[in-house]
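Keep the viewer open as you read.

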Amino acid sequence: MLHIPPMTNVHPAQTKPVSTEPAQHRTKQQPASVLASISWPSLFFFLGIMTYVLKTFKPNQSWQINEANYHLYTFPLTETESISTSLFLNVIFVSAALLIPIEILLVRNACLKQRVITGINLAAHLMEGFFINVIASHSAKTWVSEPRPDFMARCYGDHLATPQFDDKTGNVVCTQEVTHDAFVSLPSGHTSCTTTVGLYLTLLAVYTLYFRKVDLPWRRADGTWVCAWAKNLADFAFVICLLPIAGAFYVALSRVIDHRHSPSDIALGAILGMTVGALYFVRVVTRL
């Protein structure tokens, strides 16, 4: 006689449903480490490349200055620049550093660790774009080796001095020692670097002001404004967002006024700067 064991009463709540999800998706995902979340390898890579380029690349001084074109380089030498190199470098470094506390103070719906990581990434992308500009502009400067507009003033001590030319080559013969700095006109490094930083900061500010999906003091993550006046205040802040790119244009203009660069140098530097700035903004958006 076949014996059938009695059925035990099992409450439905005690049964464990069988998951159809693959095993690799059922494992608990651990948060990524800080080093894995920060874009630091490419930052230090381009920092090393920039250091190498600045130390080794020198202008070849092969540009021909003769009777046909010397008048292009007869602008007076300005002893004091409107925007010194140290000033514009300090502004870039301070701007990058300020992105970290700004991110920490503005974002409301993320933990402190995540806000610090995001702020560091924003600053790292800004500095990496700056490094790329220095590499590209300095490489182009040393390869082209075009004299600055004030070359004749450096060559003779007076931009109105009557030039002397070599009988064999026809090139101008300088009576004063001319340094490598006199042959790095094209493109403008100040313009390219400040345009990258200015465009990057402006795009980032406008994106955060209107489109970023996080809780901010004036806008919620779902896109709604916290109060009726918030949108009007954001429209006013939009003007402030334009200050970085406006500052970059001022730097570019000052390079022409100081006779350090020609308009073509400025135009090429601006194109380079806007290209790098836009690309790095698109890249950093993927991390926001």
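## A nonpolar patch

L35, W40 and F44 form a nonpolar patch on the surface, and together they have about 340 Å² of accessible area. Patches like this take residues with over 30% relative accessible area and no salt bridge, joining nonpolar side chains (Val, Leu, Ile, Met, Phe, Trp, Tyr) within 5 Å and like charges within 9 Å. A salt bridge here is a side-chain nitrogen of Lys or Arg within 4 Å of a carboxyl oxygen of Asp or Glu. The areas come from the Shrake-Rupley method with a 1.4 Å probe, and for residues only the protein chains shown count as cover.

W40 sits in the loop between helix 2 (34-37) and helix 3; helices are DSSP runs of H or I, at least four residues, numbered from the N terminus. At 36% relative accessibility, W40 is partly exposed (buried is under 20%, exposed over 50%, partly exposed in between, with a 1.4 Å probe and protein chains only).

## About the model

This is a predicted model, where local features need pLDDT of at least 70, side-chain atom pairs count only at pLDDT 80 or more, and totals for chains, interfaces and linings use all residues. Residues are numbered from 1 along each chain as its sequence is written, while side-chain values use heavy atoms, leaving out hydrogens and water.

Look for Q61 in the loop between helix 3 (41-56) and helix 4 (85-106). Q61 isn't a glycine, yet its phi is positive, about 55°. Its relative accessible area is 34%, so Q61 is partly exposed.

H259, also not a glycine, has a positive phi of about 65°. You'll find H259 between helix 9 (243-257) and helix 10 (263-285), in the loop, and it is buried at 18% relative accessible area.

## A cis bond

L186 and P187 are joined by a cis peptide bond, with omega about -5°. P187 belongs to the loop between helix 6 (151-156) and helix 7 (189-210).

Key: Helices (H or I, at least four residues) and strands (E, at least two) are DSSP runs, numbered from the N terminus.
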